[in-house]
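Hi everyone, thanks for coming. I'd like to walk you through a few spots in one structure, so let me put it on the screen.

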Amino acid sequence: MRIEPFAIFRHGPISQIQIEIAMYFNINIKSGICINIQIMKIIHMSNYLGIESTSHTYGIGIIEQLPAGVKILANETDMYKPEKGGIHPIEARNHHMKVRDTVLDNALKKSGLSLDQLDFVCFSQGPGLPPCLKVGLEHAKELSRKLKKPLIGVNHAVAHIEIGKFITKCKDPVIVYISGGNTQIIIETKNKYKICGETLDISLGNAGDVVARELGYSYPGSYYMEKEHGNYIELPYVVKGMDVSFSGIATEAVKKYKSGTKKQDIAYSFFENVFCMITEVTERALSHTGKKQVLLIGGVASSPILQKKMKIMCSDREAECFTIPREYASDNGAMIAVAGIKYKNILNPDEADFMQKCRVDDLSQV
Ligand code: FE2
């Protein structure tokens, strides 16, 4: 924590979160305005560390919160890439254990800060793969205890949303969250995030990876498969109201490949179908809600093909389509730190645990 040579006065009652922070720092909460000044120094001039470790990526971001706004100082990542097949949770955990200290050192170097200049330690609490989540949790606990700084648990999906809003400054979008593990259409209503459409089976990213593996593309297969140019062939197109389904498309795509269809044609047709399905349900969400903005988040949502389709649809509906750079769309530590500022879910390092499953609509307030 850096104590600046000036104080910001705040009028009115102290909020619950300010009281919690004051108690954490052993600030005397009986001394009225003086406490207010100290608390505001902590809240307005603080450095947040964010640790991401839900799946394939170990990421550490450092951000600075100033009265004028939030600035990302560093966002370092190291990604586990399986030599064969999909993500193996134990291998991913071993990768994270191996790289965590180097990623932290790199982030500190990039930010120009030292460990003792950090004020809050945020970590991705879930959902995710338990062995991977545990590495981030233990790292965050160690740092929180060592630095004697508050530990903040962050929902991974909410962090994707908050970094998207932070970068694009969009206000009230239909959120399209597509990654290796998730496919959801989310809206904010009455201070709550609500999932209004989602996959009925596997995620789009997962379906893409299954097909890519069978077709012989190396990891990350979806990424390479998407770049193929081929001819359109008939594949299932499964939209049910606001929901979508991908497993049947993946099965049929693999079946056609094994029957001799060119893999370029399958790759092209698979993404043509699944991205059109997502665009269709997003358009339906715009129509139902009357919203005029779309925000694409998650690693798969940084696909240029999907973004092009969404932009055409939005333009037809006189809506805005917001996208973010891949660095922030994929899993990263900066998004955990950005969400940590907003939610301040302060946990006791001796009791904190990860949450393997937790949906954005389980959270009561945004
Ligand atoms: Fe993610």
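First, a word on contacts: two residues touch if their C-beta atoms, placed from the backbone, lie within 7 Å. By that rule, and leaving out residues up to four places away in sequence, Gly221 touches Gly208, Asp209, Ala212 and Arg213. What you see is a predicted model, where local features need pLDDT of at least 70, side-chain atom pairs count only at pLDDT 80 or more, and totals for chains, interfaces and linings use all residues. Residues are numbered from 1 along each chain as its sequence is written.

Let's stay with Gly221. You'll find Gly221 in helix α7, residues 221-225 (helices are DSSP runs of H or I, at least four residues, numbered from the N terminus). Is Gly221 buried or exposed? Gly221 is buried, because 20 C-beta neighbours sit inside 10 Å (buried takes 20 or more other C-beta atoms within 10 Å, exposed 12 or fewer, partly exposed in between). The C-alpha atom of Gly221 is 8.4 Å from that of Val210, eleven residues away along the chain.

Now, over to a helix pair. Helix α3, residues 89-111, packs on helix α4, residues 130-147, at about 25°, with axes 7 Å apart (axes are lines fitted to C-alpha atoms over the stretch in contact, and angles run from 0 to 180 degrees between N-to-C directions). The two are therefore roughly parallel, a label for angles under 35 degrees. On the α3 side, the contact includes Ile90, His96 and Arg100; on the α4 side, Pro131, Cys132, Val135 and His139.

Last stop: α9 is followed by Gly290, with a positive phi near 75°.

Key:
Angles under 35 degrees count as roughly parallel, over 145 as roughly antiparallel, 65 to 115 as roughly perpendicular and the rest as oblique.
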